[in-house]
Amino acid sequence: MLWGNKLRGIALVLGALALFALPTAARAQTQTAVSSGDIIEKLAVEAEADIDLAALRQQAADRIKARADAQPQKRPPIAPQLTKLPQIRFDVVFDQDSSLIRPASYGTIGSIADALTDPKLRPYRYLIVDHVESAGRRDHNLILSQRRAESIRDVLVNTFKVSPKRLQALGLGEEQLQDINRPASPANARVQIIVIGKFETADPPTPAAPAPKGAAAAKKKKQ
């Protein structure tokens, strides 16, 4: 896709420039490359899931408010059903304690956009799930991860023109650790793209031709 390649090329240039500006510690956080071919291979799988995002968000907020499962290693996953669906995991680098995506990650998001607009993946809907490693306040991390998931969705929609009807965003904070034995590990900050079902196009039905009336109808009858 020409537009996708051009946008991704710009993003890669910005990312390369940003790398020179980043300190050594921040460079270590940049993700490994992921190709659109790899993404297509992992996500081109039939799946259907009935997921209530509002209920999941409320469940996570209620657990934090009740101060339940204070130790990260003892927290059961909020949405274990998500782990059984076709998905990929990848890194996106944000500014510290912010939902602002660093330019270095635009190449990765561009590869995801190319994959999602491929004919093999275009018929499906996807859930973007962001996580945060265990550090600081749990309620803050839950809000931050929701904003980060929405930021990724916004870039896919507004920069790479993926249909917004195909994408939903969910932040789970540190309530569903991906490496429960190492709660502070960066592995717990990875993002998931999960297949959640078919995308039903809403093409309007073709209207029927109107019946002839008045003089036109009479003329037609005489013929």
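Strand E4 (residues 191–198) is largely enclosed by the rest of the structure, because 7 of its 8 residues are buried. This is a predicted model. E4 belongs to an open sheet of 4 strands, ordered E1-E4-E2-E3, with mixed pairing.

**Sheet layout**

- The strand order is E1-E4-E2-E3, and the sheet is open.
- E1 and strand E3 (167–171) are the edge strands; each has a single partner strand, so one side of each lacks a neighbour in the sheet.
- On average, neighbouring strands of this sheet are turned by 25° against each other, direction ignored.

**Strand pairing**

- Strands of a sheet pair through backbone hydrogen bonds, in either the parallel or the antiparallel sense.
- Strand E1 (residues 87–90) pairs with E4 in the antiparallel sense, over 4 bridges.
- Within that pairing, Gln87 has Ile194 of E4 as its bridge partner.
- Strand E2 (residues 124–130) and E4 also run antiparallel, joined by 6 bridges.
- E2 and E3 run parallel, and 5 bridges join them.
- Leu127 has its bridge partner in E3, namely Gln168.

**Helices on the sheet**

**The loop between H3 and H4**

- Asp50 sits in the loop between helix H3 (36–43) and helix H4 (53–65).
- Asp50 counts as exposed, because its relative accessibility is 80% and the cut-off for exposed is over 50%.
- Asp50 and Gly197 lie 147 residues apart in sequence, yet their C-alpha atoms are 8.6 Å apart in space.

**Helix H5**

- Helix H5 (residues 106–116) is mostly covered, with 10 of its 11 residues buried.
- Its buried residues run through Gly107, Thr108, Ile109, Gly110, Ser111, Ile112, Ala113, Asp114, Ala115 and Leu116.
- An α-helix has 3.6 residues a turn, so residues three or four places apart point the same way.

Conventions
Residues are numbered from 1 along each chain as its sequence is written. This is a predicted model: local features need pLDDT of at least 70, side-chain atom pairs count only at pLDDT 80 or more; totals for chains, interfaces and linings use all residues. Side-chain values use heavy atoms; hydrogens and water are left out. Buried means under 20% relative accessible area, exposed over 50%, partly exposed in between (1.4 Å probe, protein chains only). Helices (H or I, at least four residues) and strands (E, at least two) are DSSP runs, numbered from the N terminus. Two strands pair if DSSP finds at least two bridges between them. Axes are lines fitted to C-alpha atoms, for helices over the stretch in contact, and angles run from 0 to 180 degrees between N-to-C directions.
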